[in-house]
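Reader: Could you walk me through how the strands and helices of this model are arranged?

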Amino acid sequence: MGFFVQLTDAIAARQSLLVTGLDPNPEMLQAWAHRRGMGGRSFLSQARHWIKAVVEATADHVCAYKPSLGFYQALGPVGLELLREVRELVPLDIPLIIDTKHGDLNSSSALAHYLFRELGADGVTLSPLAGQDIAAPFLLYPDKAVVITCHSSNAAARVLQHHPDESDPLYLRIVRECQLWATPDQLLLEVGTSDPAILARVRQEAPERFLILRSLWGEEDRLDALLEAGLSPAADGLLMPLPQNLLVEDDIAVRAAALKQRISERRDRWLERRAPDQGEACSLWLPERRPEGSAEAGAGADADGSGDPLASLILDLFDIGCLLFGDYVQASGAVFNYYVDLRQIISDPNLFHRVLHAYAGQLGELVFDRIAGIPYGSLPTATGLSLQLHKPLLYPRKEVKAHGARRLIEGDFEEGDRVVVVDDILITGNSVLEGIAKLESSGLEVEDVVVFIDHGGRADTSARERLTRAGYRCHAVLDIARITAVLHAAGRLSDDQAATLGHAPATLAPDVEGILASS
């Protein structure tokens, strides 16, 4: 799982944009330790108990933790051991961002290896003044993230950050430059300010980036103004800090939950105000998660009450015309009574992202080095999954041209690389097996095939069995029976249409694989 998916999943699961520090500051912890009868203990013991208490109190209310490395380094070797304890205490599904403000080129590779491989952190904050070279060693870890500090709230920094004038200050030039270093899913921006005008200017220059607000707000109206200035069109994209003073109170969990609720209510109102002005904008879709143990989570219920977690996706695919009824003649001359066309999703980024997320759920437990798409219908999907999962893409050509390089396989690979094959629909398995044959003839190894729709499902397993006999495992996101059940329950299909799908031909001529316009 990459950092961006981890972060957005944490936001959705906890319905929170809050981030908290875990900084064992001696001045801050003294009163907290005395109230608990730990005044006579060593500072290391006090810090250990405080960190554990904060994590336990906030884990349900924050989407990331951000400890400052300097506080742990100040404790010497035991401080770095304490940081390892932090890694063990923070739930693995919540990103751990190490706040280093690192800016030394000579030690970047060593620090990246320590933080990402030895400590197991998920992100790091960097100072941008050394240029792109400061980020490069950290960006070599594709499942991790870098957070570039583009503005400091320190008053003495203003003379530098706002140079030469407010029309084109240095901090905005940094924002523009560092966005060229990495994609939005791997590079975030940290903005230290309590001035909504500064935050708004950063958001304007970086509309697609996640922003982490560092400074604290003082009053309710300041919170509203900062949310207004920093939220993305989807009412996310802005991570807010839990106030440091809250972290030494006796009711951390209660206060964190209350702050999360206030922010959620303001986001809802903000979205309501902006809804009429959205026009053609396409907001980022985030997977909805419910708290573990809730009735909804236990039943896997979707928002429409169907009980199917992919029901809303199925309905939206139907509503944009991906499922059509009528007489559709195939290349073989066979007549099919319905037609599935997933090509339309590539023109709807929101829906396309949801389809990719559904695919990724099937790919999550598989072991592979590269993703292969079957031309031509699944190539957009395979490309999207390659970008989302940070796995190299390749594909077998349908035909080898008589000119140019005359390659059978497009993409860079080595003999013995493990490849997962991605396709859109499984009907007979012909196109998949033909593609696999080309991949294996080039020295690649294939064990798994992932499709979006298994036409036969449980009613007709002949295509799956054909792949199994050939030595391949097949994984499907959906099948026709499941699609039919959701659409019929939601009133999208009449009884006759549902019966048509339910009794669709299960055994087709080999070349009817083109029903999904894969060729």
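Reader: In which sense do strand β7 and strand β8 pair?
Author: This is a predicted model, where local features need pLDDT of at least 70, side-chain atom pairs count only at pLDDT 80 or more, and totals for chains, interfaces and linings use all residues. Residues are numbered from 1 along each chain as its sequence is written, and side-chain values use heavy atoms, leaving out hydrogens and water. Ile 212 has Leu 239 in β8 as its bridge partner. Over two bridges, β7 (residues 211-213) and β8 (residues 238-241) pair in a sense that is parallel.

Reader: Why is one side of β2 and of β3 left without a neighbour in the sheet?
Author: Strands are DSSP runs of E, at least two residues, and helices are runs of H or I, at least four, numbered from the N terminus; two strands pair if DSSP finds at least two bridges between them. The open sheet has eight strands, in the order β2-β1-β8-β7-β6-β5-β4-β3. β2 (64-65) and β3 (97-102) stand at its edges, so each has a single partner strand.

Reader: At about what angle does helix α10 run to β7?
Author: Axes are lines fitted to C-alpha atoms, for helices over the stretch in contact (heavy atoms within 4.5 Å). Angles run from 0 to 180 degrees between N-to-C directions. Helix α10 (residues 196-205) lies across β5, β6, β7 and β8, and its angle to β7 is about 170°.

Reader: Which residue in β16 stands opposite Ile 453?
Author: Another open sheet, with mixed pairing, has the order β13-β12-β11-β14-β15-β16. Six bridges join β15 (residues 445-454) to β16, and the two run parallel. In β16, the residue opposite Ile 453 is Leu 478.
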